[in-house]
Amino acid sequence: MREDRSKRDNCMRLCLPALSENEGVARAAVAAFCSLCDPTVTELADIKCAVSEAVTNCIVHAYRETSGDIYITVRLLREGGVRISIRDRGCGIEDVGRALEPLFTTDAGGERSGMGFTVMENFMDRLAVYSRPGRGTLVVLTKHVGREG
Amino acid sequence: MIRSNYGFETSVTDDGLLCVYLYGEIDHHGAVGLREDLDKLIMRERPRRLVLNLSRIEFMDSAGLGLLMGRGRLMRELGGVTVLAAPNPRVMKILHLAGMERFFEIEDAPKGERI
């Protein structure tokens, strides 16, 4: 029996090594796929920024002293919008609540703003963070996009 | 070799004004090299006023905020001030989210300055 394509959600899955040069790649790939939802320029810019923050967290924190992969899934929602999950198998976050506080950073050098999660929370409609120390972290970003009728 | 995703041009005046016109993307990847480049420039020129023109920045995330804060801190240590000039609306959005108005003078490009 042939699959009814109209019932199949559109979804993109991407796996990238946790290298800083891939931050822009992740932004561009996610933005290209999200364009299918017809977002405004501002909505697309917000999505790119939030994805950049999540991917950077994987590179800087999750795989700090090691190498690893970042798994990105972008799902187009039937009700309009996107759900983006960014997952790593890195060190995990000991205290997610603390990590979500604005300006909280583990950087002693004074060069990190500690605003990553704050940007994600403000630029997307919903942010969920799941983490287990030693096992990795999953960040889920949701945004309802599309031009008003 | 991985190409950098940012660039900048500079102008220096005799009265200690250093203008840096940034362009491209300021993310964590770009911030590493840009930080080194800007610090070398600041330490060489020792400006009394550093103007970072952000009008041609295509993308900036919180790594860019950290970069700006670090340069502002360096300038304060040297007795100078830092101005963020002509941020486009997307950059202004993240600057405003971080409350950067508390730490920097943010202005449109002064008259006579190219954007």
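How much accessible surface does chain A have, and what share of that surface belongs to carbon and sulfur atoms? The accessible surface of chain A is about 8100 Å², and carbon and sulfur atoms account for 48% of it. These values were computed from a predicted model.

**Chain A in outline**

Chain A has 149 residues, and 48% of them count as buried. Its secondary structure consists of four helices and five strands. Read from the N terminus, the elements follow the order β-α-α-β-β-α-α-β-β.

The five strands make up an open sheet with antiparallel pairing, and their order in chain A is β1-β2-β3-β5-β4. Because β1 and β4 of chain A each have a single partner strand, they stand at the edges, and one side of each has no neighbour in the sheet. On average, neighbouring strands of this sheet are turned by 10° against each other, with direction ignored.

| Strand of chain A | Residues |
|---|---|
| β1(A) | 11–17 |
| β2(A) | 69–76 |
| β3(A) | 82–88 |
| β4(A) | 126–132 |
| β5(A) | 136–143 |

Seven bridges connect β1(A) with β2(A), which pair in the antiparallel sense. Within β2(A), the residue opposite L14(A) is I72(A).

Helix α1 of chain A, residues 23–34, lies across β1, β2 and β3 of chain A. The helix runs at about 175° to β1(A).

**The nonpolar cores**

Which residues have the most contacts inside the largest nonpolar core? They are V30(A), I47(A), I72(A), I84(A), I86(A) and L141(A), in a core of 36 residues. At least two core residues come from each of β1, α1, α2, β2, β3, α4, β4 and β5 of chain A. The largest share is that of α2(A), which supplies nine residues.

Setting aside neighbours within four places in sequence, I86(A) is in contact with A54(A), V55(A) and C58(A), with I70(A), Y71(A) and I72(A), and with T137(A), L138(A), V139(A) and L141(A).

Another core lies apart from this one and has 32 residues, including V20(B), L38(B), F59(B) and I94(B).

Technical notes
Residues are numbered from 1 along each chain as its sequence is written. Chains are lettered from A and ligands numbered from 1 in the order in which they are written. This is a predicted model: local features need pLDDT of at least 70, side-chain atom pairs count only at pLDDT 80 or more; totals for chains, interfaces and linings use all residues. Side-chain values use heavy atoms; hydrogens and water are left out. Two strands pair if DSSP finds at least two bridges between them. Axes are lines fitted to C-alpha atoms, for helices over the stretch in contact, and angles run from 0 to 180 degrees between N-to-C directions. Contact means heavy atoms within 4.5 Å. A nonpolar core is a set of buried Ala, Val, Leu, Ile, Met, Phe, Trp, Tyr and Cys residues joined through side-chain atoms within 4.5 Å. Buried means under 20% relative accessible area, exposed over 50%, partly exposed in between (1.4 Å probe, protein chains only). Accessible areas come from the Shrake-Rupley method with a 1.4 Å probe; for residues, only the protein chains shown count as cover.
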